[in-house]
Amino acid sequence: VAGANTRRYHAMLIAATTPPVGRVALVSQIQECLIGPSSRLELGTNLFHGGFVHPSGYLHLDSFEHVPAPTWRYRTPQGTLEKTVAMIQGRNFTIVRYALAAGSAPVDMEVRVLLAGRDYHSIMRSNDFVNLQTRSQPGIVYIPLYEGVPSVWLGHNAQSFQPERTWYYNFDYPRERERGLEGHEDLVSAGVL
């Protein structure tokens, strides 16, 4: 519920390339940051090697409901932000919707999509082979990732997309370590919405 992945099998989008098998972890996480007049409020939560938690967005989590679709409500100085995630059965896409609750002040938001691009049994390490040569136009961003791996298409209504190639290191998956497996992974961002 806090949003931190604790296993390699946790992701926002795992595509079945040859259903029901051939599963590829494409989008591992989505990190949101609200930008106020004089502050930034990160809503994501990640576990890192050594027991570190960053950011600590779970501290702003007011409620969570799983029916009819998983919905998180974050209480912020500007009001309440709702995040709803839905997946369509039999399709390889995830829908993420953000909405401010009635009475909330307008706020700017940055959304960073953290990518893996790996077989879902594997672990990703930083590398120079990832193809982050994004192509974007209003409302859509194309990210090729790796040869032989499905590309990621981000449909959005953001004002802009700022490309980047940034690796984030040593995400910790404690449930994997409990199973005696490798429990650290690196993820990459291709840009910020």
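**Figure 1. Contacts and overall dimensions of the predicted model.** Of the contacts (heavy atoms within 4.5 Å) in the protein with a separation of 6 or more, 53% are accounted for by residues 24 or more positions apart. This is a predicted model in which local features need pLDDT of at least 70 and side-chain atom pairs count only at pLDDT 80 or more, while totals for chains, interfaces and linings use all residues. Residues are numbered from 1 along each chain as its sequence is written, and side-chain values use heavy atoms, with hydrogens and water left out. The secondary structure comes to 1 helix and 15 strands; helices (H or I, at least four residues) and strands (E, at least two) are DSSP runs, numbered from the N terminus. The radius of gyration (taken over C-alpha atoms) is 17 Å, close to the 16 Å that the globule rule (2.2 Å times the number of residues to the power 0.38) gives for 193 residues, so the protein is as compact as a globular protein of that length. The C-alpha trace spans about 45 × 40 × 35 Å along its principal axes. Of the 193 residues, 44% count as buried; buried means under 20% relative accessible area, exposed over 50%, and partly exposed in between (1.4 Å probe, protein chains only).

**Figure 2. The salt bridge between Arg7 and Glu176.** The structure holds 14 salt bridges, each defined as a side-chain nitrogen of Lys or Arg within 4 Å of a carboxyl oxygen of Asp or Glu. The side chains of Arg7 and Glu176 meet at 2.9 Å, N to O. Arg7 lies in the segment before β1 (13-18) and Glu176 in helix α1 (residues 174-178), so the pair ties together parts that are 169 residues apart in sequence. Arg7 is partly exposed, with a relative accessible area of 23%, whereas Glu176 is buried, at 0%. A network of salt bridges links Arg7, Arg8, Glu176 and Arg179.

**Figure 3. Salt bridges of Glu185 with Arg118 and of Arg177 with Asp172.** The Glu185 and Arg118 side chains meet at 2.5 Å, N to O. This pair links distant parts of the chain, with Glu185 in strand β15 (residues 184-192) and Arg118 in strand β10 (residues 108-119), 67 residues apart. Both Glu185 and Arg118 are buried. In the second pair, Arg177 and Asp172 meet at 2.9 Å, N to O. Arg177 is partly exposed, with a relative accessible area of 40%, and Asp172 is buried, with 7%.

**Figure 4. The largest nonpolar core, with 32 residues.** A nonpolar core is a set of buried Ala, Val, Leu, Ile, Met, Phe, Trp, Tyr and Cys residues joined through side-chain atoms within 4.5 Å. The residues with the most contacts inside this core are Leu26, Val27, Leu115, Leu132, Ile143, Leu145 and Val152. Strands that each supply at least two residues include β2 (21-35), β8 (79-87) and β10. The most is given by β2, with 5 residues. Not counting residues up to four places away in sequence, Val152 touches Leu26, Val27, Leu115, Val141, Tyr142, Ile143 and Leu145. Another core, of 8 residues, lies apart from the largest one and has Phe48, Leu114, Ala116 and Tyr173 among its members.

**Figure 5. An open sheet of 3 strands in the order β11-β12-β13.** Pairing in this sheet is antiparallel; two strands pair if DSSP finds at least two bridges between them. The edge strands, β11 (135-137) and β13, each pair on one side only. β11 and β12 are joined by 3 bridges, and Ser136 stands opposite Val141 in β12.
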